[in-house]
Each structure stands twice: as structure tokens, then as C-alpha cells.
Number of protein chains: 2
Amino acid sequence: MRNLFMKVNYDGTHYDGFQTQPKGNTIQDQLEKAIHHLTGEGLKITASGRTDAGVHAYGQPFNFLTSSRIPIERWCLALNTRLPQDIVVTEACEVPLSFHSRRGAKRKTYRYLINGNRFPDPFQRRWQYHHPVALNIPAMEQGLAHVIGTHDFTSFASRRSTKTSHVRTIFETHMEVDRSMCRPGSSDQGVIHTYITGSGFLQHMVRIIMGTLINVGEGKCQADDVAHILAACDRAAAGPTAIAKGLALWNVEYGETEK
Amino acid sequence: MRNLFMKVNYDGTHYDGFQTQPKGNTIQDQLEKAIHHLTGEGLKITASGRTDAGVHAYGQPFNFLTSSRIPIERWCLALNTRLPQDIVVTEACEVPLSFHSRRGAKRKTYRYLINGNRFPDPFQRRWQYHHPVALNIPAMEQGLAHVIGTHDFTSFASRRSTKTSHVRTIFETHMEVDRSMCRPGSSDQGVIHTYITGSGFLQHMVRIIMGTLINVGEGKCQADDVAHILAACDRAAAGPTAIAKGLALWNVEYGETEK
């Protein structure tokens, strides 16, 4: 048996999320189907975590045990020819049998894109939340800083969360504005990129943080309210769940010894 | 009567090009339908030029005469709510009745994208030609320089061209490589952006120039062969017509007095 570790990019627009579910068309289903087509094995893959319906990923890690002897350098191309065009495997390597994509993940980064320009971008619209109303970006950055550290994130978790603990650690956050597609002389705000890196994330956590930050940006609440919302440990205190399409899993890091 | 000038961005993936044609679903059809829905007028628009099926545009200019009194600042949003999501009007202004989008155009720039990374990008695949085999980019740049100037471009025009003269002027060209999506330590070449600015372009001209440059990049011919191909005035001398999806109309400039 070999334990193979891979990374996959996917445009999640047309999928019911990463993880297999009844009657769903998921990224996991497509990957397992491609592996079955290639090796004949009806195996299950393990990813670093699930992503919601409509959420995208750059380099989502996954691994699986296989008895196939196909050389490691052939796997990416062999799987990509068997996958739909919106799912692309970009890396493959062999790892120790003990390696586990979810349990071994040390840091995960998500990216959320808000297009603050007056008009949507027809090319990037599938992964940008279009918000043409002016946002107070410095206030959003100040609000975002409040989530850094170890906190109980109950206010920023789906009510359907079944986790016994809602304590998570956010290591760092970063916002930047790309103004390259702004029309000269316009009131276009640019595309706001928000990166959030943490030990792990609860269901809808990044999307609820973003929905709350958008409230801050619109002036519906203040940057420092984010601290009060966090302390409340009550989903009702936070803002709405921002639309899935703006979100992408951006990076997952493992410890040196694991891989 | 008012003469309205607008700019439109479109993802051409699902369209039969810009210009109305029998049984076609074109960008022009969609724009005229949206205008008809808004004003009740069954008018014809004039663009700076046509684009082929599958070709995209950033800021394609067009104009039309209307008797509508809708204030100019309302037009973009009013049309966008009536257009499919892959077509977005971004600018609108009133121009002198004599202004003509095609006749007034002084300089047009096209962009062609080649993704030279090992694997396609699922997010950008609709507007990138994926060419994972190593390309000699300096040779391509050297070849590209030969098209600058005023030449008979018969070698780089579709055999179906009905123009009486194939003489056009290329003012400038530019290539740059975006390595931001390259995987560290990989043989990824990055995404090659090629910009070509000219007085006007013949049918398939940019795509045949690009197909020829790809031949140069693959070592099938030399950079200086581009000069001989140009001199031959024979479509058979040039390379293949590069795939439409890599091409986008990037910018159109008018004289100061026109607009």
C-alpha cells in the first residue's frame, strides 16, 4: 500500500461542496470517480477539510491509500484527463502511511473576494461577491484584527455546527485592494482581497466573519463591535453569512515532520 | 436624436462573436435586445469592430442613435439589469451626432493569453490557451517585433478576408510573463500576456500572428522567419490560427476631437 498526497484546484461554482453527500455532485465524488477509472479501486479520499457548495479552492490537499503501482509523476496528468475541466490536480507525492490530510493540517488560509467596483466583472464574477456600495475599508481592517488570537467562535459558526468546542485560533489576517481593473476617474473601489489564516475553521466561519465585516464597512456597526460580537458567543449577534462564491480555500500548511 | 457612446466588457465563451449573423447568438443581438427592452426602439448599434466567436472584450466601444430621454447616468445599470451576466456595460456618454465607433477608432489593442504552466488554471481556462510545453519566450518577443510598422498582412489574414487592402500598421507590441500562479520549484513557465496595438486588424490577424509566434516558441521556425512570412504575402507561409478563447479586445482609442 502507498499513501498518496495530492493538491487540487477547483472552481466550485457547479458543485455541492467538497464532501460526498446523498444526491450531491461533489468534488470528492469527481476525484474518487477519476481514481476509480484510473486504478479500478473504489477507495475513499481524505481532504484537509470540506468546503461548502459554491466555494472554490487553490491547492486543497487530499490523500488516499492505493495499491496502484503507477509512478508518482504520472498521477496528475492521468487524473486530469479523467476529471472535468473545473477540477485540476496540480501536485502529487508519496507520504508516510501515517500521514492524514485533515489531522496533519497546521494552518489553513482562506481568501474572500469582494468586487467593490460599480459594475461586476464578467470574467471574475463566479468568485467575487459584487458589492458596488462604498465600503469603509480601514474600518473593516480594524474589525478584522479583533478575530486574531484564540477565541470561542460560536458567534461566527453556523447554528448547525456539531463541534463540541468552538475554540479556534486565528494566526493572522490581511486585507489588500487590487485597483488594476478600476476605470480611470470612476468611483470604483477595486477588488478587496481578505486573507484569514487559522488553526481550523468552523462551518461558515469565514463567511460569517466576512458578512460581519461588510456590516462594518457599510457603517451598520463599528469596528470594535466585532470584539463584542465575539464575546457574545451568539450567532444572532454577528452579521449575515456572506455569499459562498466569494470564498476560496487558499493554502494549507503541514508540519515539517509530517510531509 | 442623441448619439450615445458606450463601452462593454464581455466573456465571449458562449457567443457566436460580436456581430449579428443569421441563426447566431451574438453580443450585438444581446445589446440590441436590452436596448429594445429599455426604450422600445428597434435600433442597430455600431461597434469599433467585430470579434470572432469565443473572443472576449474589455471596453469594446459601440454607439447608437436614440430618441430616448433617459438621463445618461442611468444607462449602464438599466442595460446591465437587462443583459446576461457575461455582458456588462461599463461606460456611457453622449457624443456628437457625427461620431462613429468604427470609423473614429485610431488605435486598437488586443491581448492574447497563453498559460505556459504544466496544468490548466480552472479559474482562467475560458480565456487562456493552455500550452504546457516549454516556449522560447525571448525568441517569440524577437519574432513579434517584426510585425511592427506598416506592412501588407496578407500572410496573417484569413483567406476569407474580403478587404481590398491588407495593409495595416502595427504601432507597438509587448509581451510580459505573470509568474504569480507558478508552483514553487516547478517547471511552470507562467502566463504569457501578449499585447498588439495597431491601426486596425484583418480577420484572424492577431490569432495567426500568435499561432506563428507559438511555432517560433516551439522552435519550429526562427524569430527572423516572421519577416520572411510577412514578405511572402501568402497565408500558407504563416502558422496556424491560435484558438479564439485566448484573445480579447483590450483597448480602443479615439482622437481627442472625436470624443
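How many residues of chain B are in contact with residues of chain A? The points below take this up.

1. The structure is a predicted model, in which local features need pLDDT of at least 70 and side-chain atom pairs count only at pLDDT 80 or more, while totals for chains, interfaces and linings use all residues. Residues are numbered from 1 along each chain as its sequence is written, chains are lettered from A in the order in which they are written, and side-chain values use heavy atoms, with hydrogens and water left out.

2. On the question of contact (heavy atoms within 4.5 Å), 28 residues of chain B touch 28 residues of chain A. The two chains bury about 2400 Å² between them, with 63% of it on carbon and sulfur atoms; buried area is the accessible area (1.4 Å probe) lost when two parts are put together, summed over both. Of the area that chain B buries against chain A, 28% is supplied by B:Phe119, B:Pro122 and B:Phe123, more than any other three residues supply.

3. On the side of chain B that touches chain A, at least two residues each come from β1 (2-10), β3 (56-66), α2 (75-80) and β4 (87-95) of chain B, where helices (H or I, at least four residues) and strands (E, at least two) are DSSP runs numbered from the N terminus. The largest share, 5 residues, comes from β4(B).
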